[in-house]
Amino acid sequence: ASGTWTKDDLYGEITIDTSVTGKTVSKFQYSYDGNTWYDVSATQATNGIKYYNYNKSGNTVTFMLKDQMNKEIMVRAVYTDGEISATSSTTSIKIDKTAPQVGSVVANGYKDVSISKIDGTDNESGHKKTTYTVKQGSTTLYSNIENSVTLNDTGTYTITVTTEDIAGNTSTSSEYTVRIDKEEPAVGKLVFKKNNSTGPIYNLNEWTGTDVYVEKQDGTDNESGHYKTSYNILSLTGGSFQTATGVTDPTTLIEHGQYYLLLTTEDNAGNVSTQIYSSVLIDKKAPTIELGEWGDPIVGSDGKIHRTITIYFSDIGSGLARKYYLSNSLSDAPTASSTWKSMDNDDIILEDKVYYIWTIDNVGNISNWKKLDATNVIDNTPPTVGTLIGRKNNSSGELYTFDTWTNTNVYLEKRDGSDSGSGHYRTTY
């Protein structure tokens with residue numbers, strides 16, 4: 001139809017009046033503007049009209065147009081004597097064989113992805129419509145739609161866009177790929193060792209007196225893929241948790257305290273999995289000793305006087321091993337492998353000696369020594385006995401020699417003894 005866009009070769013007829021008596025048509029001519037005329041030929045011609053077939057015996061010109069154009073065409077006849085017929089009416093020819101510029105799609109969202117189209121363009125016959133098709137694998141979810149849709153499920157989607165112009169030409173895009181991952185990744189793992197990377201395995205919730213080496217193993221993700229695995233360290237200080245900053249992997253925990261570690265694995269879609277490791281217990285502080293009150297003197301099975309003393313042991317880490325080490329010499333300081341005495345309570349029975357005492361906690365930290373000087377409170381050394389003085393008759397008489405006979409009265413007078421330990425208490429006779 002005249003004036004209607006098509007993408008196909010156009011076959012048509014234009015009628016002109018060639019019924020002039022005595023005239024014979026020599027050729028037909030066509031023009032786009034009525035000024036410049038071109039001969040109609042059965043061979044390729046100019047101006048986009050490529051092939052023509054014509055019938056000189058009738059009043060029509062039959063032609064085939066194969067080139068793209070948007071023209072107004074008119075035809076006339078030229079007679080053998082050079083006279084020209086009247087010009088035909090104008091016919092609009094619209095052929096568009098150029099594919100349009102294909103549109104596109106826009107994906108918005110993080111895990112729920114909204115898909116909308118952007119129309120393509122066409123500079124010839126004009127844009128008619130742009131549609132798109134969504135597939136997941138071999139399954140077509142949406143076919144040649146124009147409205148927006150939202151993709152919700154985990155998976156890989158392919159989208160193709162098709163733009164059609166008014167003439168019926170189409171263009172199809174290459175595939176757009178949308179990947180949705182709503183699944184959490186498999187969280188990684190933390191490995192703990194004592195001292196360093198070659199040390200023995202450290203078990204969580206067990207006290208240790210060593211450094212603790214920490215190294216991560218990355219998590220995995222079967223959809224969008226692993227992005228990163230990292231961890232934060234929370235240390236319990238003063239009753240509140242403090243977050244360690246600038247943690248690099250591997251790291252070594254060296255300070256005394258209780259640690260919680262938060263391991264995080266993130267995939268490329270932003271899904272996160274976490275695991276809390278509770279807890280790493282490091283005890284690097286030795287227990288302490290405070291002396292209490294002395295108990296009353298008691299006589300032991302050896303016949304000697306003993307006294308008890310209450311000793312206060314404390315530990316802020318792994319706890320006391322309920323053991324002590326007692327020596328009369330500082331040079332005999334204990335080691336973790338020394339023979340320690342078990343302690344049923346906090347009272348220790350001592351003789352009249354100078355002692356040095358230590359205690360040990362459950363990871364082997366040994367306290368500073370504490371001096372116990374029991375010589376100030378226990379005295380098992382007899383005093384120097386006093387003496388008796390005898391005088392004849394009275395206190396001013398001459399000295400009497402014991403174990404000799406006398407016919408006088410004997411006056412007796414004591415001299416107190418002495419003691420360098422607990423001191424003289426009394427001398428009697």
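Partly exposed residues are those with a relative accessible area between the buried limit of under 20% and the exposed limit of over 50%. Lysine 414 falls into this class, because its relative accessible area is 33%. The model examined here is predicted.

Lysine 414 takes part in a salt bridge. Its side chain meets that of aspartate 416, with an N to O distance of 2.7 Å. Aspartate 416 has a relative accessibility of 48%, so this residue also counts as partly exposed. Side chains of opposite charge can pair when their charged atoms come close.

A further salt bridge links glutamate 413 and arginine 415. The closest N and O atoms of this pair are 2.8 Å apart. Glutamate 413 is partly exposed, at a relative accessible area of 28%. Arginine 415 is likewise partly exposed, and its value is 34%.

Glutamate 351 and lysine 353 form another salt bridge through their side chains. Here the N to O distance is 3.7 Å.

Four strands make up an open sheet in the order 3-2-6-7. Their pairing is antiparallel. Strand 3, residues 37–39, lies at one edge, and strand 7, residues 91–95, is also an edge strand. Each of these two strands pairs on one side only. Neighbouring strands of the sheet are turned against each other by 40° on average, with direction ignored. Strands of a sheet pair through backbone hydrogen bonds, either parallel or antiparallel.

Strand 6 spans residues 69–79 and runs antiparallel to strand 7. Five bridges join the two. Across this pairing, glutamate 72 stands opposite serine 92, a residue of strand 7. Strand 7 is mostly covered, although it is an edge strand. Four of its five residues are buried. In a regular strand the side chains alternate between the two faces of the sheet.

Methods: Residues are numbered from 1 along each chain as its sequence is written. This is a predicted model: local features need pLDDT of at least 70, side-chain atom pairs count only at pLDDT 80 or more; totals for chains, interfaces and linings use all residues. Side-chain values use heavy atoms; hydrogens and water are left out. A salt bridge is a side-chain nitrogen of Lys or Arg within 4 Å of a carboxyl oxygen of Asp or Glu. Buried means under 20% relative accessible area, exposed over 50%, partly exposed in between (1.4 Å probe, protein chains only). Two strands pair if DSSP finds at least two bridges between them. Axes are lines fitted to C-alpha atoms, for helices over the stretch in contact, and angles run from 0 to 180 degrees between N-to-C directions.
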